[in-house]
Amino acid sequence: MRNDNLDKQIKQLLNKQTEAAVERKQETWNKISNELDALTYNKRAYKRKNQGRGLAIAGLSAAIIAFLLFGAMTDTGQAMIQNLKDIFIGEKEEEIDLEGQKEDTNVQLETNEELRYVIYIDQDRYKMVEGETADRIETIEPFGDEYPEVYMEITHVENTTTEEAIANIIERIENDEEMELYMEERTTEPIEAEMVQAMGLEYTNEFGKFGYQWDTPIHRYYVTDEDDGSVFIIKLVYFVEAEEGHGARFHYMLESFQVVN
Amino acid sequence: MADPERKLIRKIKKGNQQAFKKLYEIYADYSLRTAYAITRNSSDASDIVQETFIKVYKNIDSYDITKPFRPWFYQILMNESRRYMKKRSKEGISVESEQLLDHLRNQMEEEKNYEVREAAMEQLNDHHRTVVVLKYLNGFSEKDISHVLDLNVNTVKSRLYKARQQLKAFIGGVADEE
């Protein structure tokens with residue numbers, strides 16, 4: 001028997017012999033889905049117990065929602081527009097690396113159903129403030145007047161391209177007397193986007209040292225790839241001394257940013 | 001890894017359960033077939049695939065997205081399969097009712113020659129059957145198989161050679177009769 005004929009026969013035999021297993025596909029998924037529900041539920045229960053405070057779970061619990069979602073899901077059903085809160089886990093714990101130190105943070109899902117985006121925010125430090133033209137993630141504890149601003153802003157811009165949006169940002173930076181263009185690059189982390197960074201002007205401090213100082217503002221813009229004639233612009237605002245703190249936390253939160261069509 | 005799959009994994013890393021369901025749709029058929037070909041029991045195959053996907057879900061954060069996903073996934077699948085096989089051999093279960101039913105179902109549906117070929121596969125030992133399943137059912141290269149099973153590539157080649165020789169003796173015999 002020729003080798004290629006033998007190969008063909010082995011392939012056919014294995015495919016035929018294992019057909020019965022594929023019949024278990026839906027049943028297997030149901031078992032996985034139930035276990036995922038239990039995992040999500042237990043994690044929440046553990047967190048509630050350990051935090052010693054109740055976490056408000058509006059409406060149905062994620063476990064029930066997930067069961068309804070996946071239990072009732074069909075191939076055609078998946079194509080329907082779903083509530084974003086039904087698709088994503090409401091809360092989770094994440095390990096982040098801050099200045100070489102591992103830290104566990106509790107992150108909470110924030111969604112904008114109209115713009116179809118989701119982001120997980122560190123619920124112990126930040127809050128989402130929805131605006132008419134942009135959503136802002138701000139610190140829960142306000143900063144004193146001596147500190148520059150700190151926030152992350154998410155804006156959806158229609159009828160534009162990524163290039164146009166970047167050109168507008170650069171133009172605004174060049175017209176701003178207190179800021180200058182620092183760098184421009186394509187990024188894959190924290191998200192795939194075009195990034196533009198502006199920094200406050202260098203100056204001489206009280207010790208006579210010239211350069212960027214602790215309070216020099218940093219403005220970082222991420223412009224997503226154009227989708228159907230629109231882009232998202234995510235602006236991160238912090239300052240030099242806060243780069244390893246708020247800057248890093250914004251980076252981790254932005255990693256979870258996702259547009260769901 | 002194909003770009004759409006990379007995007008899917010990124011979404012799963014971000015907590016998207018719908019993306020996880022899509023990943024299941026992509027890998028379920030062949031993982032069920034693979035587990036079944038190794039254990040020869042569809043109930044065990046279903047349990048193995050269930051455990052595999054749960055492990056993927058729990059450990060997705062540790063998966064390096066710059067590396068191919070498929071070998072990583074199959075490593076977990078093969079480890080789970082081995083664990084089940086070990087458990088089964090300890091329990092001393094040779095033929096479960098499930099397996100018997102599958103076999104009877106096949107017997108009614110298939111022609112005599114197929115049964116002989118099936119028997120050829122049955123007579124391979126677990127090591128030989130595993131490499132054959134990875135190569136012929138899943139299309140893995142010998143190098144990939146060595147990676148998935150954590151074996152030397154020469155060991156994989158040797159097992160494949162011996163398995164093919166045994167299958168050739170059976171299948172070749174049937175083919176000669178046809």
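Good morning. Of the 178 residues of chain B, 38% count as buried. Please keep in mind that this is a predicted model.

I shall begin with the build of chain B. Chain B holds nine helices and zero strands, and from the N terminus its elements read α-α-α-α-α-α-α-α-α. Among the contacts in chain B with a separation of 6 or more, 65% join residues 24 or more positions apart.

I turn now to the contact between the chains. Chain B contributes 38 residues and chain A contributes 31 residues. Which elements of chain B give two or more residues to the side that touches chain A? They are α2 (17–39), α3 (42–59), α5 (97–109), α6 (112–122), α7 (126–137) and α9 (153–177). The largest share of that side, 10 residues, belongs to α2(B). Sorted by class, the side of chain B that touches chain A has 19 nonpolar, eight polar and 11 charged residues.

Let us look at one pair of helices across this contact. Two packed helices are described by the angle between their axes and the distance between the axes. Helix α1 of chain A, residues 3–17, packs with α7(B) at an angle of about 100 degrees, and the axes are 9 Å apart. Angles of 65 to 115 degrees count as roughly perpendicular, and therefore α1(A) is roughly perpendicular to α7(B). From α1(A), the contact is made by I10(A), K11(A) and L14(A); from α7(B), V132(B), V133(B), Y136(B) and L137(B) take part. By class, the residues of this helix contact comprise six nonpolar, no polar and one charged.

Thank you for your attention.

Definitions and conventions:
Residues are numbered from 1 along each chain as its sequence is written. Chains are lettered from A and ligands numbered from 1 in the order in which they are written. This is a predicted model: local features need pLDDT of at least 70, side-chain atom pairs count only at pLDDT 80 or more; totals for chains, interfaces and linings use all residues. Two residues are in contact if their C-beta atoms, placed from the backbone, lie within 7 Å. Helices (H or I, at least four residues) and strands (E, at least two) are DSSP runs, numbered from the N terminus. Ala, Val, Leu, Ile, Met, Phe, Trp, Tyr, Cys and Pro count as nonpolar, Asp, Glu, Lys and Arg as charged, and the others, Gly among them, as polar. A residue is buried if 20 or more other C-beta atoms lie within 10 Å of its own, exposed if 12 or fewer, and partly exposed in between; C-beta atoms are placed from the backbone. Axes are lines fitted to C-alpha atoms, for helices over the stretch in contact, and angles run from 0 to 180 degrees between N-to-C directions. Angles under 35 degrees count as roughly parallel, over 145 as roughly antiparallel, 65 to 115 as roughly perpendicular and the rest as oblique.
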